[in-house]
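Dear colleague,

Please find below the structure that I am handing over to you. My findings follow it, arranged by topic for a reader new to the entry.

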Amino acid sequence: MTDFDWQPLLLTFRLATTTTLLLLLVGIPLAGWLAFTRFRFKPVVEAVISLPLVLPPSVLGFYFLLAFNPTGFLGKKLLSWFDLRLLFTFEGLVVASIFYSLPFMVHPVQAGLENLPASLREASYTLGKSRRETFFRVLLPNIKPSLLTGLVLSFAHTIGEFGLVLMIGGNLPGQTRVASVAIYDEVELLHYGAANAYALLLLVISFGILLTVYAINKRWVIF
Amino acid sequence: MGDILMPMLQLQARMNLLFASGPALLDVDFKLTTGSLTGLCGPSGSGKTTLLRILAGLTMPESGLIRVGDRIWLDTAERIQLPVQQRKVGMVFQDAALFPNMTVRQNVEFAAENRRDSLVDELLSLVNLVHLADRKPATLSGGQRQRVALIRALARRPDVLLLDEPFSALDYETRQQLLHELVRLHRQFGTTTVLVSHHQDEIHRVADCILELNQGKVTAIGSPAVAGKKSAVPLRGTIQEVQVEETTTRLRIRLTDNLIALNVPSGVQEWHIGQAIVVSLDTQTLTRKAD
């Protein structure tokens, strides 16, 4: 237990919180667009968003590694324009996590919106409300369970990241050494006590979050 | 001259429709008097709902013209297309489409121009819903929900009120009550109203104009009497064929030199081939076929 440190756990939750909040901003408008668009190439967009569900994290990690490399095209631009390094930094982990957890936010929200009766949207339009007002005042408040599911799945999925973090984040304490990486390290060093402490805490906290969500969702009867 | 003195709702529309029964062309051209309560009827798949949606701006016809009073809502020739939000319509949907996250009062306030609009309270009391104002739609009965939907549509102060079979899922008693309230509200507000219903008798009773649609075409328009509510002379005939189904019985009746088909409710009366019958002809509901 001597090697146990709170830092990886705190970093994990900082990463998960930041990612989830940013995913709210990115994922909800994207889900809203996907739910109602008649764009011809919508299946292409949907397939791209769903890629992290099927690809090994190392594949994503590999391409992020190439993209974020400061000598590569994107990495060079980010560095010269914004002084932003995404390789082996917390910011890089956040960006990668957003892509990695995007389907977990988009899918439930999109499904929730698609399952609402079209008449709700149309009624709001006939009452003179714009698309934006209808989205925020009528549609989103009526898919609270889907929003909560998206929120929690994104959070939980980010907590569970390992391969991707290892590929582009490495193992820098306080920067990129999240709990899942710390567990791996401790096991490598045969520090089973510390590994168990991280693992058990992650297990209990993740279970607690999911249990809370299912309990709340059961109570939210919309119709 | 009449057009200038009597502002009206004019609709011309052409549109290809695809129903379960196959493709059909909606091709209508009619005018309704301002302040009228028009009953829109016709068999399912005749284009009634599409017509309401075109009026509301929820469906775009291939070509068309909609004029409400002196305002043009749609003129495809001139490329004018007022978005649904800018057409002052109130629409009541079959499923009421109340917003589940809002209370009854909030639903009605949502439609009003501002929250302090006195019309909200007035409407709530007109349909006796003041005591339910703070309830969520999920806790209301079907009839109460449709009442809320009706006053919500009126709170928008619409130029045209469109009702798409709003009472069809309700029981007979509630339906009569709501029709009565609709007529009362119509008298009070004088909003040009189009009511879709498949209950012919009821629609003839409350409407002051009947618009009949069949396979996308207007087959009759005018006052209920003119649109064929009652025939002047009862006709004698003989039943040729009886086809009993669960809810309706299809009769083929020979009337002098014509064979007509007539649908009547099953289980009310027994019918048999060769039976003499007197038909009080409602010409609009009969399908006439050559002998």
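**Chain B: elements and domains**

Chain B contains seven helices and 16 strands. Please note that this is a predicted model. Chain B has 291 residues, of which 35% count as buried. Among its contacts with a separation of 6 or more, 67% are between residues 24 or more positions apart.

The domain assignment divides chain B into domain 1, covering 2-222, and domain 2, covering 234-289. A distance of 34 Å separates the C-alpha centres of domain 1 and domain 2 of chain B.

**The nonpolar core**

The largest nonpolar core comprises 112 residues. Within this core, the residues with the most contacts are B:L55, B:V108, B:A149, B:I151 and B:L162. Its largest share, however, is supplied by helix 5 (residues 90-115) of chain A, with ten residues.

Apart from its neighbours within four places in sequence, B:L162 is in contact with B:L52, B:L55, B:A56, B:V89, B:G90, B:M91 and B:V194.

**Where chain B touches chain A**

Contacts between the two chains involve 17 residues of chain B and 16 residues of chain A. On the chain B side, strand 7 (89-92) and helix 3 (104-111) are the elements that give two or more residues. Strand 7 of chain B gives the most, with three residues. By class, this side of chain B consists of twelve nonpolar, three polar and two charged residues.

With kind regards

How values were computed. Residues numbered from 1 in each chain as written. Chains lettered and ligands numbered in written order. Predicted model: local features only at pLDDT ≥ 70, side-chain atom pairs only at ≥ 80, totals over all residues. Core = buried A, V, L, I, M, F, W, Y, C linked by C-beta atoms within 7 Å. Buried ≥ 20, exposed ≤ 12 C-beta atoms within 10 Å, placed from the backbone. Helix = DSSP H or I, 4+ residues; strand = E, 2+ residues; numbered from the N terminus. Contact = placed C-beta atoms within 7 Å. Nonpolar A, V, L, I, M, F, W, Y, C, P; charged D, E, K, R; others polar. Domains from an automatic or database assignment.
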